[in-house]
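Subject: Structure handover

Hello,

Here is the structure I promised to pass on. Please open it alongside this email, and then read on.

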Amino acid sequence: MAGFRQILPGFLLCMVVGMAASFVSEHYGGPTILYALLIGMSLNYLSLEGRCVSGIQFSAKSVLRFGIALLGARITFDQLLGLGVTPIAIVLVGVPATLMFGVLCGRWLKLSPSQSILSGASVGICGASAALAVSAVLPEDKDAERNLIFTVICVTALSTVTMIAYPLLVTELGLTTSESGIFLGATIHDVAQVVGAGYMMSDDVGDVATFTKLLRVALLVPVVIVLSLLFARQGVERKRGRLSLPLPGFLLAFMLIVIINSMGAIPTVVLGGMTELSRWCLIIAMVGLGMKASFKELSLMGWKPIALMVAETIFLAILVAIWLFSVR
């Protein structure tokens, strides 16, 4: 009960702001998720201190993951098979290519290999979650914690920027619905921003983007294992008690719901309820993410690490765009 009381004020705040964003969208047009993000960003100060901090954190993480898991109710294997092998191929090539590009570019900028790998993994796989997982197998040094904090802040900021910019970009490029979803899912860093960008455009784009993004998330396990073996072979001691390799719970739940839904075992009425609940979870989560966004802190690390992550972001976007146009 103590924990519930702690998160309740911030959660209710995010819910009220989400309802306001929905009202604005219904009466004046425009995507609800974008309004939720922008209104949330205007209330950033509430996430820094006060009674709402815990609830905002809960909304931005736990509510988001629950909403993503419920997105499985919108997807079946028949829909996924209709996409072909393009999303899988792009993910299998894009993730290691981004990691390699990050290492080479970081060496040119004279940054440490650990920082280069950390930024490459966060951009190539799944944003802050990948940074936290990969940091557990990287060598300890005096800058390790600072590099991790910076990477999390920077990749979150870049995710927010791309969430707003990339829907405009795919429209200008004239990509189809499935191509737009694949591009968004294969290029935006964090799961939350992929979901926001996809459903900002349409439900169909959002479904494809979410599936593609979760393919990238699934690659986190093999990447962490390979890095762990690589640094262990070089005689680097790993951080004790911090290595955790299982797939995220929300990804497993998403896959389970997709399987059950593909079997036709979920009644139509229940599917409708799950879809609507998922929509509201994502709106509330987007408010929380907006409140947590802080661009001012990026200036504390200098220009080189920021330049590296921006370069990796542009590299991944160009790679995916070239691939999509080449397979048309």
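Below are the findings, taken one region at a time.

Please keep in mind that this is a predicted model.

The core

Start inside. The largest nonpolar core has 84 residues. Within it, Ile-125, Val-134, Phe-183 and Leu-184 touch the most other members. Helix H14, residues 268-292, gives the most to this core, with 9 residues. There is also a second, separate core of 6 residues. Ala-73, Ile-257, Leu-271 and Met-274 are among them.

Leu-184 deserves a look of its own. Leaving aside residues up to four places away in sequence, Leu-184 touches Tyr-166, Pro-167, Val-170, Val-194, Ala-197, Gly-198, Met-201, Val-205 and Ala-209. Two of these contacts, Val-205 and Ala-209, are also on the list of buried residues of helix H11.

Helix H11

Helix H11 covers residues 203-218, which is 16 residues. From its first C-alpha to its last, H11 reaches 23 Å. That is close to the 22 Å expected at 1.5 Å a residue. Of the 16 residues, 12 are buried, so H11 is largely enclosed by the rest of the structure.

Ser-119

Ser-119 is in helix H6. Is it buried or exposed? Ser-119 is buried, because its relative accessible area is 2% and the cut-off for buried is under 20%. Its contacts, not counting residues up to four places away in sequence, are Thr-151, Leu-308, Met-309 and Glu-312.

The salt bridge

The count comes to 1 salt bridge. Arg-279 forms it with Glu-276. The closest N and O atoms are 3.1 Å apart. Both residues sit in helix H14, 3 residues apart, so about one helical turn separates them. Arg-279 is partly exposed, at 33% relative accessibility. Glu-276 is partly exposed too, with a relative accessible area of 37%.

The surface

Now move outside. Phe-77, Leu-81, Ile-259 and Met-263 form a nonpolar patch on the surface. Together they have about 450 Å² of accessible area. Ile-259 belongs to helix H13, residues 249-262. Its relative accessible area is 37%, so Ile-259 counts as partly exposed.

Lys-110

Next, a backbone point. Most residues other than glycine have a negative phi. Lys-110 has a positive value, with phi near 60°. Where does Lys-110 lie? Lys-110 is in the loop between helix H5 (86-108) and helix H6 (113-126). Lys-110 counts as exposed, at 73% relative accessibility.

Val-327

Val-327 lies in the segment after helix H15 (303-326). How far apart are Val-327 and Thr-86 in space, C-alpha to C-alpha? The distance is 8.4 Å, although 241 residues separate Val-327 and Thr-86 in sequence. Val-327 counts as partly exposed, at 47% relative accessibility.

Where to look

Take Leu-184 for the core, as one of the residues that touch the most other members. Take Arg-279 and Glu-276 for the salt bridge. Take Lys-110 for the positive phi.

Best wishes

Methods:
Residues are numbered from 1 along each chain as its sequence is written. This is a predicted model: local features need pLDDT of at least 70, side-chain atom pairs count only at pLDDT 80 or more; totals for chains, interfaces and linings use all residues. Side-chain values use heavy atoms; hydrogens and water are left out. Patches are made of residues with over 30% relative accessible area and no salt bridge: like charges are joined within 9 Å, nonpolar side chains (Val, Leu, Ile, Met, Phe, Trp, Tyr) within 5 Å. Accessible areas come from the Shrake-Rupley method with a 1.4 Å probe; for residues, only the protein chains shown count as cover. A salt bridge is a side-chain nitrogen of Lys or Arg within 4 Å of a carboxyl oxygen of Asp or Glu. Helices (H or I, at least four residues) and strands (E, at least two) are DSSP runs, numbered from the N terminus. Buried means under 20% relative accessible area, exposed over 50%, partly exposed in between (1.4 Å probe, protein chains only). The expected span of a helix is 1.5 Å times one less than its number of residues. A nonpolar core is a set of buried Ala, Val, Leu, Ile, Met, Phe, Trp, Tyr and Cys residues joined through side-chain atoms within 4.5 Å. Contact means heavy atoms within 4.5 Å.
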